[in-house]
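Here is a friendly walk through the strands and helices of this model. Have the coordinates open in your viewer as you read.

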Amino acid sequence: MYSPDYVWAKVLNYLENQLTAIPISAYFDDAQVIELTEEKLVLYSPSEFRRNTIIQRYTDYIQDALKEIFNSDAKLVVLDENGVITATSTAEEKKDVGSQLDALKGQFADQLKDLEALLGKRLGD
């Protein structure tokens, strides 16, 4: 079986050939594979909006990519912050996912601060 990163890179390349680069960067730039089995590909997206968009608009493309490239019938599952823990089963996996989620939140907070500084004002004032 291929590594999740390899599979995801191939799927994204397939999507870029089927679509344009704009939706790929708009909806998939922060998506991460958190589980890959013969039965399913589980993605995490921190945004509920992006998660819903991926499910509604891109599930068929992703499953087509898996079928065409890897001859896989794996189903797509897309989780957001509220659903990420349900995708794991052991306490160690939950701790690891929680740590990754905390790191992502920190990155987004830092980026927001940088943006606020660039704009010269705080959002919400």
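## The hairpin

Within β2, Q32 has Y44 as its bridge partner. This comes from a predicted model, in which local features need pLDDT of at least 70, side-chain atom pairs count only at pLDDT 80 or more, and totals for chains, interfaces and linings use all residues. Residues are numbered from 1 along each chain as its sequence is written, and side-chain values use heavy atoms, with hydrogens and water left out.

Strand β1 covers residues 32-36 and is joined to β2 by four bridges, the two running antiparallel. Helices (H or I, at least four residues) and strands (E, at least two) are DSSP runs, numbered from the N terminus, and two strands pair if DSSP finds at least two bridges between them. Three residues lie between β1 and β2 in the hairpin that they form.

## The sheet

On to the next pairing: β2 and strand β3 (residues 75-79) run parallel and are joined by five bridges. L41 stands opposite L76 in β3, and the partner of K40 in that strand is K75.

The three strands make an open sheet in the order β1-β2-β3, with mixed pairing. Its edge strands, β1 and β3, each pair on one side only. On average, neighbouring strands of this sheet are turned by 25 degrees against each other, direction ignored; axes here are lines fitted to C-alpha atoms, for helices over the stretch in contact, and angles run from 0 to 180 degrees between N-to-C directions.

How enclosed is strand β2 by the rest of the structure? Four of its five residues (40-44) are buried, so β2 is largely enclosed. Buried means under 20% relative accessible area, exposed over 50%, and partly exposed in between, with a 1.4 Å probe and protein chains only.

## The helices

The axes of helix α1 (residues 4-18) and α3 come within 9 Å and cross at roughly 115 degrees. The two helices are therefore roughly perpendicular, a label for angles of 65 to 115 degrees, with under 35 counting as roughly parallel, over 145 as roughly antiparallel and the rest as oblique.
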